[in-house]
Amino acid sequence: MNSTRNTLQREIVLQEICQIQGHATADMIYDKIHEVHPSVSKATVYRNLRALEKQGKVMRIEVPDGADYFESKKQEHYHIKCTCCGRIFDASLPYMPQLLELEQAADKDFSFSAYTLLFEGLCPYCKKIKTNKSE
Ligand SMILES: [Zn+2]
Ligand SMILES: [Zn+2]
């Protein structure tokens, strides 16, 4: 019905994710967009994030017991969640697609399609704060 407006809104959401340069929840993305485009609703941001994910332009990071994070599409990689500040970081470990094949070979009765891997620990900032406190 109003495809020009939809395309424009999708463009705004995508631009915001690219500008964030890291990982953000839908709410964080909405807050940023709302500052500049007060007419864009939260539902619109959520809907466009899903659409962009389907188009392969945005990656979604599922966080257990927390909101999903989004980031602009790049190579597959693992993530680290800081148990102190809750921020999401990229892990340096290379992506291992063979893990899926190894698991498939180990549990032949199943049919696997994907896996998720999330590391947890203290980020460098929180680690520093904790170290300073204990001194
Ligand atoms: Zn932290
Ligand atoms: Zn990432």
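Helix 1 (residues 3–20) and helix 3 (residues 42–54) pack against each other with their axes 9 Å apart and at an angle of about 80°. Axes here are lines fitted to C-alpha atoms, for helices over the stretch in contact, and angles run from 0 to 180 degrees between N-to-C directions. That angle makes helix 1 roughly perpendicular to helix 3, a label that covers 65 to 115 degrees; angles under 35 count as roughly parallel, over 145 as roughly antiparallel, and the rest as oblique. Helices (H or I, at least four residues) and strands (E, at least two) are DSSP runs, numbered from the N terminus. Helix 1 brings Gln9, Arg10, Val13 and Leu14 to the contact, while helix 3 supplies Thr44, Val45, Asn48, Leu49, Ala51 and Leu52. Contact is meant as C-beta atoms, placed from the backbone, lying within 7 Å. By type, the residues of this contact divide into six nonpolar, three polar and one charged; Ala, Val, Leu, Ile, Met, Phe, Trp, Tyr, Cys and Pro count as nonpolar, Asp, Glu, Lys and Arg as charged, and the others, Gly among them, as polar.

The model is a predicted one: local features need pLDDT of at least 70 and side-chain atom pairs count only at pLDDT 80 or more, whereas totals for chains, interfaces and linings use all residues. Residues are numbered from 1 along each chain as its sequence is written, with chains lettered from A and ligands numbered from 1 in the order in which they are written.

Three strands make an open, antiparallel sheet in the order 1-3-2. Strand 1 (24–25) and strand 2 (58–61) sit at the edges, each pairing on one side only. Strand 2 joins strand 3 (residues 69–72) in the antiparallel sense through four bridges, pairing being called when DSSP finds at least two bridges between two strands. Met59 stands opposite Glu71 of strand 3.

Strand 3 also holds Phe70. Phe70 is buried because 23 other C-beta atoms lie within 10 Å; the cut-off for buried is 20 or more, with exposed at 12 or fewer and partly exposed in between. Beyond its neighbours within four places in sequence, Phe70 touches Ile17, Ala24, Ala26, Ile29, Leu49, Val58, Met59 and Arg60. Ile80 is ten residues from Phe70 in sequence and 14 Å away in space, C-alpha to C-alpha.

As for domains, the chain splits into domain 1 (1–74) and domain 2 (75–135), with bounds from an automatic or database domain assignment. Their centres, taken over C-alpha atoms, are 23 Å apart. Six residues of domain 1 contact six residues of domain 2, and the domain 1 side comprises three nonpolar, one polar and two charged residues.

Definitions and conventions:
Two residues are in contact if their C-beta atoms, placed from the backbone, lie within 7 Å.
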